[in-house]
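My notes follow in the order I took them.

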Amino acid sequence: MTTLADLVRHPSVLGQEASAQEHMAGLLDGLGLDVRHEPIDLARIRDLPGFSPVDWELDGKLNVVGVHDPGPAIGRSLALNGHIDVVSPEPVAAWTTPPYEPRVVDHEEDGESWMYGRGAGDMKGGTVAALWALAALQDLDREPASRVLVQSPVEEECTGNGTLSLLERGYVADACIIPEPFGETLLVRQVGVMWFQVRILGRTTHVLGAGRGVNAIEKSWLVIQALRELEEELNADGRRPDGFAQVDHPLNLNVGTIAGGDWASTVAGECVTRFRIGLYPGDDLAAMRATIEERVARAAAADPWLREDPPTVEYIGFQAAGCEFDPASDLARTLTEHHRAWRGTGPAELACTATTDIRFFNLYYDIPATCYGPRAERIHGPDEKVSLDSMQRVAEVLASVVADWCGLRPRGRSS
Ligand SMILES: [Zn+2]
């Protein structure tokens, strides 16, 4: 509990991950792992499949990895991956208590203890549960008999370039588990996610002549409406693959940010709206880009101003394909078996309407990867929380999985 609270106190939003990464490095070192700090080198990843373009600085950013290398392996190697970055807690005023001052509350409804805080759920709680699993094996005076990597990447909430960079640098394994906060379920498929932004130019003028100006903020509403129509079509029953048949509205469009105008008494001359949209596994990213551009162009063609000066569509951030994880794979069977041994029944299967870093392992490195992590609520929202009881249950299952997958040997035996 202290471990998680200490980690949550680091406000590791995009661009401010360094202190949390240092803290993680200390935790990994405390477990006896060989700690590596790995920079993200844009030149090495920008042409790789799965890369997402950025307009922010990557220089100086570090992924952290803890390596357990017992020498000649008995079992199979395993990566445990937990991103360090969290999303902004704004609006902070909506939180009951400050987002980076974790507190624990016992809830009568479910009899579980919950820790509140930004990142407690997504996903520092899961990461700490994985560390508890390794610590539990040490308490038994045992350690994995094959290589284990504990990966703490940056950039998961915006691009995935952190994990991509780690894989490019050779931090691969025979399987990967990401303890994202999905309620002790086994993730079997996830949507893709694309970020794009639409830039609209208006005609700037003083409001006294507002009739002659064209307001870019107001024109952007035409594009938002057109994209909402596209969203409904994408979610129509006929287009929904079997894997998402039971999911209500799997592909969500989000109007994330809007930045327009620069003076209350000036007609807004420019407006940039940033969107996020989902894709089904197997959907082609280039085809989705073409569809988006076609819908924006169609909306523009129906407007006298935009017809003459059409909006531009730009792509920064997630260009993430959807992906599937085989529930009949060895990794899935191992996780299911140990979940059942502890809980009495197999884990529910999850079709996830968000993306996670498992896509890089499954799609581009041929490494089976899934998510299995604790219960959390209101992730990305105010009063985010994780169940500490659930973290313990996840740690139990993960310890058993590591023992089974990697094999065990007496602790500290030199190789
Ligand atoms: Zn996450």
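**Entry 1: the largest pocket**

This is a predicted model, so I keep that in mind throughout. I began with the make-up of the lining of the largest pocket: 15 residues are nonpolar, ten are polar and seven are charged. That lining has 32 residues in total, and the pocket's volume comes out at about 960 Å³.

Which residues lie nearest the centre of the largest pocket? I found Val-87, Glu-157, Trp-195, Phe-318 and His-380 there.

Strand S10 (192-201), strand S11 (254-260) and strand S12 (270-279) each give at least two residues to it. S10 gives the most, with four residues.

I also looked at the domains. Domain 1 (2-190 + 322-410) and domain 2 (193-320) each put at least three residues into the lining of the largest pocket.

**Entry 2: the second largest pocket**

I moved on to the second largest pocket, which has a volume of about 230 Å³. I listed 15 lining residues, and those nearest the centre are Leu-31, Gly-32, Leu-33, His-68 and Glu-143.

By type, the lining of the second largest pocket splits into seven nonpolar, three polar and five charged residues.

Which element has the largest share of this lining? I traced it to H4, with three residues. Strand S1 (34-39), strand S2 (62-68), helix H4 (120-139) and strand S6 (142-144) each supply at least two residues.

Buried or exposed, I wondered about Asp-122 and Glu-180? Both Asp-122 and Glu-180 are buried.

A reminder to myself: most residues other than glycine have a negative phi, and most peptide bonds are trans. I went looking for exceptions.

I noted a cis peptide bond between Glu-90 and Pro-91, with omega about -5°. Pro-91 is in the loop between strand S3 (78-81) and strand S4 (103-106).

Met-123 belongs to helix H4.

**Entry 3: positive phi**

Where does Glu-155 lie? I placed Glu-155 in the loop between strand S7 (148-152) and helix H5 (161-168). Glu-155 is not a glycine, yet its phi is positive, at about 70°. Its relative accessibility is 0%, so Glu-155 counts as buried.

Asp-366 also has a positive phi without being a glycine, near 55°. I found Asp-366 in the loop between helix H10 (358-364) and strand S17 (369-371). Asp-366 is exposed, with a relative accessible area of 70%; the cut-off for exposed is over 50%.

**Entry 4: two long spans**

Last, I looked up two pairs of residues. Lys-124 is in helix H4, and I have it as buried, with a relative accessible area of 1%. From Lys-124 to Ser-265 is 45 Å, C-alpha to C-alpha, and the two are 141 residues apart in sequence.

For the other pair I started from Gly-26, in helix H2 (residues 18-30). Gly-26 is partly exposed, with a relative accessible area of 43%. Gly-26 and Pro-241 are 44 Å apart in space, C-alpha to C-alpha, and 215 residues apart in sequence.

How values were computed
Residues are numbered from 1 along each chain as its sequence is written. This is a predicted model: local features need pLDDT of at least 70, side-chain atom pairs count only at pLDDT 80 or more; totals for chains, interfaces and linings use all residues. Side-chain values use heavy atoms; hydrogens and water are left out. On a 1 Å grid over the protein atoms alone, a cavity is a set of points where a 1.4 Å probe fits but cannot get out, and a pocket is an open set with protein on both sides within 12 Å along at least five of seven lines; lining residues have an atom within 4 Å of a point. Grid points are joined across faces, edges and corners, and a volume is the space filled by probe spheres set on the points. Ala, Val, Leu, Ile, Met, Phe, Trp, Tyr, Cys and Pro count as nonpolar, Asp, Glu, Lys and Arg as charged, and the others, Gly among them, as polar. Domain bounds come from an automatic or database domain assignment. Buried means under 20% relative accessible area, exposed over 50%, partly exposed in between (1.4 Å probe, protein chains only).
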